[in-house]
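Keep the structure open while you read.

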Amino acid sequence: MALDRTSPVPLYFQVATRLQQLIEDGVMPVGSRLENEVELAERLGVSRPTMRRAIAYLVERGMLVRRRGIGTQIVHPKVRRPVELTSLYDDLAKSGQAPRTEVLLLEVRRAPDHVAEALGVPGGLDITWIERLRHAGGEPLAIMHNAVPLDLLPLTEADLAERGLYELLRAAGHVPRMASQTVGAKAATATEARQLGDPRGAPMLTMVRTAWDESGRAVEFGSHVYRASRYSFELTLTS
């Protein structure tokens with residue numbers, strides 16, 4: 001592991017970044033134990049405090065976990081999703097996370113007031129309501145609720161299980177071009193915890209989005225809940 005000691009980037013961050021890449025690439029497999037902190041520091045030629053700080057950084061990011069009597073263990077890396085107009089399915093497939101979708105509910109129902117307002121349709125108008133459980137790498141990752149205008153495109157459970165919603169929208173000629181999105185946080189309810197395999201009250205990330213096509217028509221409203229231990233939003237900021 002080559003480290004640049006002349007770089008202004010702190011050594012602990014260089015070590016953490018390289019370890020993270022090895023984990024994400026599968027070189028350091030999930031479930032295996034990290035080497036002893038002292039031995040690893042000696043092998044990399046860094047101080048023990050530097051190594052300890054690098055490990056702590058990866059623990060905070062959910063890539064490592066310290067277990068009493070076992071040591072430091074590698075766990076599933078978080079899904080880091082850039083905040084741009086893409087679908088979770090597309091992002092997971094692109095990053096090799098093996099997305100799998102369980103369709104919990106697909107029905108026609110009257111749009112609640114907040115959904116009708118977001119979609120710009122009259123209150124009480126029928127919409128297609130979708131509830132899905134999205135898995136990544138064999139683990140549950142997100143609970144997804146979506147509303148789609150009823151006349152936009154026909155949807156089946158088979159389609160939604162095999163393809164992402166945005167892929168289906170694009171195929172029907174309704175390409176999402178712009179969206180309004182809000183990211184937040186909450187504690188898992190009992191139902192959410194059961195579906196996602198986390199304890200009740202576990203931290204969750206939330207995302208609410210309305211997307212429009214190039215004609216300005218709203219094509220979907222989404223309200224999603226993600227496991228904070230396995231998921232994060234990534235932003236690039238410029239000035």
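## Starting at helix α1

Helix α1 (residues 11-24) has 14 residues and spans 20 Å from its first C-alpha to its last, close to the 20 Å expected at 1.5 Å a residue; that expected span is 1.5 Å times one less than the number of residues. Before going further: this is a predicted model, where local features need pLDDT of at least 70 and side-chain atom pairs count only at pLDDT 80 or more, while totals for chains, interfaces and linings use all residues. Residues are numbered from 1 along each chain as its sequence is written, and side-chain values use heavy atoms, with hydrogens and water left out. Helices (H or I, at least four residues) and strands (E, at least two) are DSSP runs, numbered from the N terminus.

Which residues of α1 are buried? They are Tyr-12, Gln-14, Val-15, Ala-16, Leu-19, Gln-20 and Ile-23, where buried means under 20% relative accessible area, exposed over 50% and partly exposed in between (1.4 Å probe, protein chains only). An α-helix has 3.6 residues a turn, so residues three or four places apart point the same way. After α1 comes Gly-26, with a positive phi near 85 degrees.

## Cores

The largest nonpolar core has 20 residues, and Val-15, Val-46, Met-51, Leu-58 and Leu-64 touch the most other members. α1, α2 (37-44) and α3 (48-60) are the elements that each give two or more residues to this core. Apart from it lies another core, of 13 residues, among them Val-103, Val-148, Leu-153 and Ala-211. A nonpolar core here is a set of buried Ala, Val, Leu, Ile, Met, Phe, Trp, Tyr and Cys residues joined through side-chain atoms within 4.5 Å.

Back to Leu-64: leaving aside neighbours within four places in sequence, its contacts (heavy atoms within 4.5 Å) include Ile-23, Leu-34, Ile-55, Leu-58 and Ile-74.

## Strand pairs

Two strands pair if DSSP finds at least two bridges between them.

| Strands | Bridges | A facing pair |
|---|---|---|
| β1 (64-67) and β2 (71-74) | 4 bridges | Arg-67 and Gly-71 |
| β6 (139-149) and β9 (218-227) | 6 bridges | Ala-147 and Phe-221 |
| β8 (203-212) and β9 (218-227) | 9 bridges | Thr-210 and Phe-221 |

In β9, 9 of the 10 residues are buried, so the strand is largely enclosed by the rest of the structure.

The hairpins have their own glycines. The one formed by β1 and β2 has 3 residues between the strands, and Gly-69 takes a positive phi near 85 degrees. The β8 and β9 hairpin has 5 residues between the strands, with Gly-216 at a positive phi near 90 degrees.

## A histidine in a loop

His-174 sits in the loop between α7 (165-171) and β7 (178-187). Is His-174 buried or exposed? His-174 is buried, because its relative accessible area is 16% and the cut-off for buried is under 20%. Beyond its neighbours within four places in sequence, His-174 is in contact with Leu-152, Leu-169, Asp-213 and Val-219. A polar atom of the His-174 side chain lies 3.4 Å from the backbone oxygen of Leu-152.

## The whole chain

The protein chain has 8 helices and 10 strands, and 44% of its 239 residues are buried. Among contacts between residues at least 6 apart in sequence, 58% join residues at least 24 apart.

Technical notes
A polar contact is a pair of N or O atoms within 3.5 Å; within protein, one must be able to donate a hydrogen and the other to accept it, and residues adjacent in sequence count only if both atoms are side-chain atoms.
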